[in-house]
Amino acid sequence: MATELEDLKIFRDAEDISDQVWEAVKGWDRFARDALGIQLIRAVDSIGSNIAEAYGRYHFGEKIRFLYYARGSLYEAKYWIRRARRRNLISETRTLQFTQELSLLARQVNAFSRSLKAQKEAA
């Protein structure tokens with residue numbers, strides 16, 4: 001296991017996606033930012049924050065629970081990205097990029113959860 005939170009690839013990837021989405025949303029007009037952008041930013045930021053929360057927990061059950069929260073936020077972010085595309089706030093190319101990156105991150109979250117479950121069973 002990584003010695004620092006920042007050493008976790010999954011955490012760095014979550015931060016990267018969050019920063020990319022931030023850059024996309026900050027250029028939207030006020031109505032779009034208020035109606036959709038804030039929800040999207042909160043969802044993508046929540047992915048990394050829940051991974052951090054999981055990392056900081058001591059008990060395996062708590063760690064896994066926060067990874068489930070991260071996964072829920074990830075799917076919420078996908079929803080908001082689809083809404084942004086439908087409302088012509090982001091391009092089809094950007095939509096595909098974000099959804100592919102989130103899908104990859106979802107696989108990482110699932111793998112991390114499986115790893116923790118295996119460690120719990122071995123303990």
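In which helix is Ile-17 found? The points below answer this and then turn to other parts of the structure.

1. **Basis of the note.** This is a predicted model, in which local features need pLDDT of at least 70, side-chain atom pairs count only at pLDDT 80 or more, and totals for chains, interfaces and linings use all residues. Residues are numbered from 1 along each chain as its sequence is written, and side-chain values use heavy atoms, with hydrogens and water left out.

2. **Ile-17.** Ile-17 is found in helix α1; helices (H or I, at least four residues) and strands (E, at least two) are DSSP runs, numbered from the N terminus. With a relative accessibility of 5%, Ile-17 counts as buried. Here buried means under 20% relative accessible area, exposed means over 50%, and partly exposed lies in between (1.4 Å probe, protein chains only). Leaving aside residues up to four places away in sequence, Ile-17 touches Glu-101, Leu-102 and Leu-105, where contact means heavy atoms within 4.5 Å. Between Ile-17 and Gly-48 there are 31 residues of separation in sequence and 9.3 Å in space, C-alpha to C-alpha.

3. **The largest nonpolar core.** A nonpolar core is a set of buried Ala, Val, Leu, Ile, Met, Phe, Trp, Tyr and Cys residues joined through side-chain atoms within 4.5 Å. The largest one in this model has 37 residues, and those with the most contacts inside it are Val-21, Trp-28, Leu-40, Ile-47 and Ile-51. At least two residues of this core come from each of α1 (9–25), α2 (30–56), α3 (60–86) and α4 (92–122). The largest share, ten residues, is supplied by α2. As for Val-21, its contacts are Leu-40, Ile-41, Val-44 and Phe-98, not counting residues up to four places away in sequence.

4. **The packing of α1 and α2.** Two packed helices are described by the angle between their axes and the distance between the axes. For α1 and α2 the angle is about 170° and the axes are 8 Å apart. Axes are lines fitted to C-alpha atoms, for helices over the stretch in contact, and angles run from 0 to 180 degrees between N-to-C directions. The two helices α1 and α2 are therefore roughly antiparallel to each other; angles under 35 degrees count as roughly parallel, over 145 as roughly antiparallel, 65 to 115 as roughly perpendicular and the rest as oblique.

5. **The residues between α1 and α2.** On the α1 side, the residues that meet α2 include Ile-10, Phe-11, Val-21 and Trp-22, while Leu-40, Ile-41, Asp-45 and Gly-48 are among those on the α2 side. The residues of this contact divide into twelve nonpolar, three polar and two charged. In this division Ala, Val, Leu, Ile, Met, Phe, Trp, Tyr, Cys and Pro count as nonpolar, Asp, Glu, Lys and Arg as charged, and the others, Gly among them, as polar.

6. The structure holds six salt bridges, each being a side-chain nitrogen of Lys or Arg within 4 Å of a carboxyl oxygen of Asp or Glu. One of them joins the side chains of Lys-9 and Asp-13 (2.7 Å, N to O). Both residues, Lys-9 and Asp-13, lie in α1, four residues apart, about one turn of the helix. Lys-9 is partly exposed at 46% relative accessible area, and Asp-13 is partly exposed at 21%. Another bridge links Arg-30 and Asp-34 (3.5 Å, N to O), which both lie in α2, four residues apart. Arg-30 counts as exposed, with 63% relative accessibility, whereas Asp-34 is partly exposed at 46%.

7. **A salt-bridge network.** Glu-53, Arg-57 and Glu-62 are linked in a network of salt bridges. Within it, the side chains of Glu-62 and Arg-57 meet at 3.4 Å, N to O. Glu-62 counts as partly exposed at 22% relative accessibility, and Arg-57 as partly exposed at 28%.

8. **Ser-113.** This residue, Ser-113, lies in helix α4 and counts as buried at 3% relative accessibility. Ser-113 touches Ile-64, Leu-67 and Tyr-68, not counting residues up to four places away in sequence. Ser-113 and Leu-67 are 46 residues apart in sequence and 6.7 Å apart in space, C-alpha to C-alpha.

9. **Asn-88.** Most residues other than glycine have a negative phi. Asn-88, although not a glycine, has a positive phi of about 60°. Asn-88 lies in the loop between α3 and α4 and counts as exposed at 61% relative accessibility.
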